[in-house]
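Visitor: I would like to learn how to read a few features of a model. Please take them one at a time.

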Amino acid sequence: AAKNSKTVSGTDNSSKFDACMVVTSKAMSCVTEGNLEEEFVELSVKCKSVIACRMQPNQKAAIVRMIRNSKRVTCLGIGDGANDEPMIREADIGVGIFGVEGTAAVRASDYAIAQFSFLRRLLFVHGSLSYRRITDLISYIFYKNALLSLTVMWFGFASGFSGQPLQLEWAVQLYNVAFTSVPILVYALLDRQLRLTSLEEYTHLYRTRLGGELFNYRRFSLWIVDAFTQSILITFIPWFAYSNLTGAGDDDPQSYGHWSMGLVIYTAVIFSTNLRIALVFRSWTIIHQFVIWGSIIVFFIAIAILSASTVFAAAGGDYTGLFVRLLGTSRFWLTLMITVVLALLMDVFFTILQQWISPSWFDIYREKDYIQRKHRKIGPTPEVELLGSKKNRLWVDGIPSAQPTPLKRRQPSMVVRPPVLARSQTGYGYSGTGGNAQLHWNVAQSKTHLA
Amino acid sequence: MSVNATADTTTRPRNSKFKQKFKQQRLPAWQPILTADTVLPAFFLIGLLFVPLGVALLLFSDSVVEFQVDYTDCNSTSDAHQIAVGEYLQCKDVITEPSFVHGTDTCMCQIDFTIEKTLEKNVYMYYGLDNFYQNHRRYVKSRDDKQMQGRVVDEPPSDCRPFDADPDSNEIYAPCGAVANSLFNDTLRLFVTDTLLGPQRKVPLLKNDIAWESDKNIKFHNPPGELNDSPDGAFKGTVKPLYWTKPVWQLDEEDPNNNGYENEDLIVWMRTAAFPSFRKLYRRVDHSKSQFKNSLQNGPYMLEVDYNYPVSSFGGRKRMILSTTSFLGGKNNFLGIAYITVGCICFLLGVIFLVIHVKFGERTTKHLNINQNTPYSE
């Protein structure tokens, strides 16, 4: 979508002057005193890169402030010295480097890294992963609580809207603690959409994340609509399966009651929420498997404990004897199966449809990785060259293009740069060949360093 | 000088490999790729499994024979309630008259009906109520399980209000609460009228084993002592609930195991129903007698009701239901229909995916050519 192309600088690379602007401290003070901030910002975003040197700390901060105010973009400031501290604090995201100059920058920063080159991993790997994970964490937690509450609301049609809860209080309190909490935690910690090495390689995928690709009103409301429709199915299918029934068990004539009904619905909710997050998982480690099935098993264990005695009874509700009574009947399992299948059917259908018809760039690269690993082949592209690596790594020459080119990775077997571009003590270590190194962020440095 | 983002493990105490991988987020993972050869068979398989299953469930439900008699508006048989020759008042009007004294006055109905289909062993009798919200929050709350477990209660429990204690004498109701107070107190009797099947006789009914075992063993116990309200009895200092006609220790004087809080009709009633229209197990047909050894034969029957329970004030209905059971319990067609429907939907979705796969199938081979320089199409 067009909104995905909103870059930090706000303009397309193709409309930039093929120039680099160098600003000294004196020029900067002219700008600030002469109220030329707007013009300065306009000019600087049109240049391919801007180098500001010999800046005072407050001037560094001023630059960041100017860009932020004019362009309404998210700014990242990175530095390693005490004189970078104001800039780091001013920026939306402050990255401090543990440097030879002490930890002043680190203390003021949001993220601290050990070397400048780690910025690449910070953004493209951890940033990309975290965005997706946090989005789904927030949306899922709203979803699962909405689902639980809505089932009780729908059941109000049967209970005269008196607010009668469907589940035992103990069982409900354990919902967010034990039954559905761990899978989403594991997701937020461990799930990765693409292999970490691939995330670092395909840095252009990061652009698709900008502009609220994942966390926007539309996607969030889809989660809530999901909760809404699922709650209807989860309430009414067991309702109709159990209404006007004499006996509910296997050749068992005895009457069931309100708490049996509530437990059927509750079990369906637990299964649905846990399997729903399983649909979002894109990398199944052993831990993922464990938590999904483990949560469900913990649920059944908890119900067994709650059913064992009357200790947990409260406000007219108790589960005494319910575990055996309900879980030993085929009607329960059949109702559960049809409810969960129907509730998730829509999600499964749309997930598959989306993956097949309009996959995101991450999905495409995931499949590409999968196919390549499966066939141990490299894509037949002339630009690709395998350079002395035992592993199946892709190296891409820096070919000038409209896309931001990824910067070369370091390998001991490769001579990366001519001596004049040696990595300085400040950790400003980007290098490139043929003048293709491109800086896309305004960075202030404490030492002069000419490319 | 290699740049190595991972921790150097040779100089530190060795972390287990799993822990190392966990911290670096490099745990081996299976990446789910939704290829056609997993999706299509899954949908078709579900479709093919669910439809026959649904058909089987429908057959099970059909095998249950159920027969209902609504007796809400039945007419009294007593001459005292006669208004004209052959015309009698309805019992529901009789019991709501101010002169009717519950407990001493009675209203009895007799309803003739025909069972069209033989009910094979085992046959059970239920009573059904309509428009009775046993699942209302205030109602469900209004009970005291501790009292019914047999503990001696000194203070009237607050949940039971206003059915906690007698307002004049301050004696606690036993059992307290709205649930117990509204105990169903009609008596239903069944008679065979076709003398060809045997002389007119009462259908033998059993009143035990109708409540959940766990309820009877764990939740409901009489307090220690003789089952009376004498000063050293189990129910001393208590009084019968407001709407009851006799105290709890007279619920079944023939069988001490079925008396007091352990009365199975009371236990069945205390398990509050899920829906406003519900059925509760009342009696089991005793199949040990020769005439009813295998079944309840089809033919004419007569239901005799000691009509006590007033439902007309809230528009309720009362029914007597005779039913057999099956592998799935009582009669309910919904599961069978649901399975058939979902099976068909899954099959349909499988077909849709097949069509999509055929139309969009070359997608994956196209992807091998994608690299950094493939222009964005979005």
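Visitor: Where is B:Thr325 found?
Guide: B:Thr325 is found in a loop of chain B, between β15 (317–323) and α9 (334–360). Helices (H or I, at least four residues) and strands (E, at least two) are DSSP runs, numbered from the N terminus. The model is predicted: local features need pLDDT of at least 70, side-chain atom pairs count only at pLDDT 80 or more, while totals for chains, interfaces and linings use all residues. Residues are numbered from 1 along each chain as its sequence is written, chains are lettered from A and ligands numbered from 1 in the order in which they are written, and side-chain values use heavy atoms, with hydrogens and water left out.

Visitor: Is B:Thr325 buried or exposed?
Guide: Buried means under 20% relative accessible area, exposed over 50%, and partly exposed in between (1.4 Å probe, protein chains only). B:Thr325 has 17%, so this residue counts as buried.

Visitor: Which residues does B:Thr325 touch?
Guide: Contact means heavy atoms within 4.5 Å. Not counting residues up to four places away in sequence, B:Thr325 touches A:Asp251, A:Asp252 and A:Pro253 in chain A, and B:Val64, B:Asn122 and B:Tyr124 in chain B.

Visitor: How is the size of an interface given?
Guide: Often as the accessible area lost when the parts come together. Here buried area is the accessible area (1.4 Å probe) that two parts lose on being put together, summed over both. For chain A and chain B this is about 8800 Å², with 63% of it on carbon and sulfur atoms. In chain A, the residues that lose the most area to chain B are A:Thr246, A:Trp356 and A:Trp361, together 10% of what that side buries.

Visitor: How many residues does the contact take from chain A and from chain B?
Guide: Chain A gives 105 residues and chain B gives 88.

Visitor: How many salt bridges are counted between chain A and chain B?
Guide: A salt bridge is a side-chain nitrogen of Lys or Arg within 4 Å of a carboxyl oxygen of Asp or Glu. The count between the two chains is one. B:Lys219 and A:Asp318 meet in a salt bridge through their side chains, at 3.1 Å from N to O. On the side of chain A that touches chain B, helix α16 (residues 330–357) gives the most, with 17 residues.

Visitor: Where is B:Phe113, and what is in contact with B:Phe113?
Guide: B:Phe113 lies in strand β4 (residues 108–115) of chain B. Its relative accessible area is 9%, so B:Phe113 is buried. Leaving aside neighbours within four places in sequence, its contacts include B:Phe67, B:Val69, B:Leu190, B:Met302 and B:Met320. B:Met302 is 189 residues apart from B:Phe113 along the chain, yet their C-alpha atoms are separated by 6.0 Å. Across chain B, among contacts between residues at least 6 apart in sequence, 75% join residues at least 24 apart.

Visitor: Where does UniProt place the feature "transmembrane region" in chain B?
Guide: UniProt positions are given in the numbering used here, feature names are shortened, and annotations may be inferred rather than shown by experiment. The unreviewed UniProt entry places this feature at residues 39–60 and 334–356 of chain B. Residues 39–60 are 100% helix and 0% strand, with end C-alpha atoms 32 Å apart. Residues 334–356 are also 100% helix and 0% strand, and their end C-alpha atoms lie 33 Å apart.
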